[in-house]
Amino acid sequence: MTAAFTVRVKDETASKLDRLAEKLDRSRSYMASEAIDAFVEQQEWQLAEIEAGLAEADRGEFASDEDVAKVVGKYVKSVRQL
């Protein structure tokens with residue numbers, strides 16, 4: 001089942017969408033639907049991860065100073081070991 005609705009975008013965005021649709025031999029509607037699906041999926045994932053992190057924090061589940069130093073040490077040359 002699908003739902004139809006109207007959305008307004010900048011003229012430049014509509015033009016870019018049209019060019020992409022043409023290059024991919026798809027309709028503007030198909031391309032917009034795919035973009036919305038991807039955006040919604042990404043936002044749902046991100047919010048779920050944030051909520052999971054908050055739940056861990058509420059339970060007092062935090063990384064130790066040593067764990068944090070190990071991770072930082074992978075990316076920063078001069079890390080003070082705790």
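With a relative accessibility of 41%, Lys-16 counts as partly exposed. This residue belongs to a predicted model, in which the chain holds three helices and zero strands. Lys-16 also takes part in a salt bridge, its partner being Glu-12, and the count of such bridges comes to four.

**Overall form**

- Read along the sequence, the chain follows the pattern α-α-α. Its radius of gyration is 22 Å, well over the 12 Å that the globule rule gives for 82 residues, so the chain is more spread out than a compact globule.
- Taken along the principal axes, the box that the C-alpha atoms fill has dimensions of roughly 55 × 35 × 20 Å.

**Confidence of the prediction**

- The mean pLDDT of the chain is 92, and 94% of its residues reach 70 or more.
- Among the elements of the chain, helix H2, which covers residues 28-58, has the highest mean pLDDT, at 97, whereas helix H3, which covers residues 65-75, has the lowest, at 90.

**Surface and charge**

- Buried residues make up 6% of the 82 residues in the chain, where buried means a relative accessible area under 20%.
- The chain exposes about 7,900 Å², and carbon and sulfur atoms supply 54% of that area.
- There are 12 positive and 17 negative side chains in the chain, and the centres of these two sets lie 9 Å apart.

**Salt bridges within a helix**

- In the bridge between Lys-16 and Glu-12, the closest N and O atoms are 3.4 Å apart, which is within the 4 Å that the rule for a salt bridge requires. The two residues are separated by about one helical turn, because they stand four residues apart in helix H1, which covers residues 11-23.
- Glu-12 has a relative accessible area of 53% and is therefore exposed, since the cut-off for that class is over 50%; Lys-16, at 41%, counts as partly exposed.
- Glu-66 forms a salt bridge with Lys-70, and here the closest N and O atoms are 3.4 Å apart. Both residues are in helix H3, and being four residues apart there, Glu-66 and Lys-70 are separated by about one helical turn.
- Glu-66 itself counts as partly exposed, with a relative accessibility of 49%.

**A salt bridge between helices**

- Arg-28 forms a salt bridge with Asp-18, the closest N and O atoms being 2.8 Å apart. This pair links distant parts of the chain, with Arg-28 in helix H2 and Asp-18 in helix H1, ten residues apart.
- Arg-28 counts as partly exposed at 43% relative accessibility, and Asp-18, at 31%, counts as partly exposed as well.

**The segment after helix H3**

- Lys-77 lies in the segment that comes after H3, and its relative accessibility of 88% places this residue among those counted as exposed.
- From C-alpha to C-alpha, Lys-77 and Gly-53 are 28 Å apart in space, while in sequence the two residues are 24 residues apart.

Terms used. Residues numbered from 1 in each chain as written. Predicted model: local features only at pLDDT ≥ 70, side-chain atom pairs only at ≥ 80, totals over all residues. Heavy atoms only, no water. Rg over C-alpha atoms; globule rule 2.2 N^0.38 Å. Buried < 20%, exposed > 50% of the residue type's maximum accessible area, 1.4 Å probe, protein only. Areas by Shrake-Rupley, 256 points an atom, 1.4 Å probe, with all protein chains shown as cover. Lys, Arg positive; Asp, Glu negative; His and termini not counted. Charge placed at Lys NZ, Arg CZ, Asp CG, Glu CD. pLDDT = per-residue confidence, 0-100. Salt bridge = Lys/Arg side-chain N within 4 Å of Asp/Glu carboxyl O.
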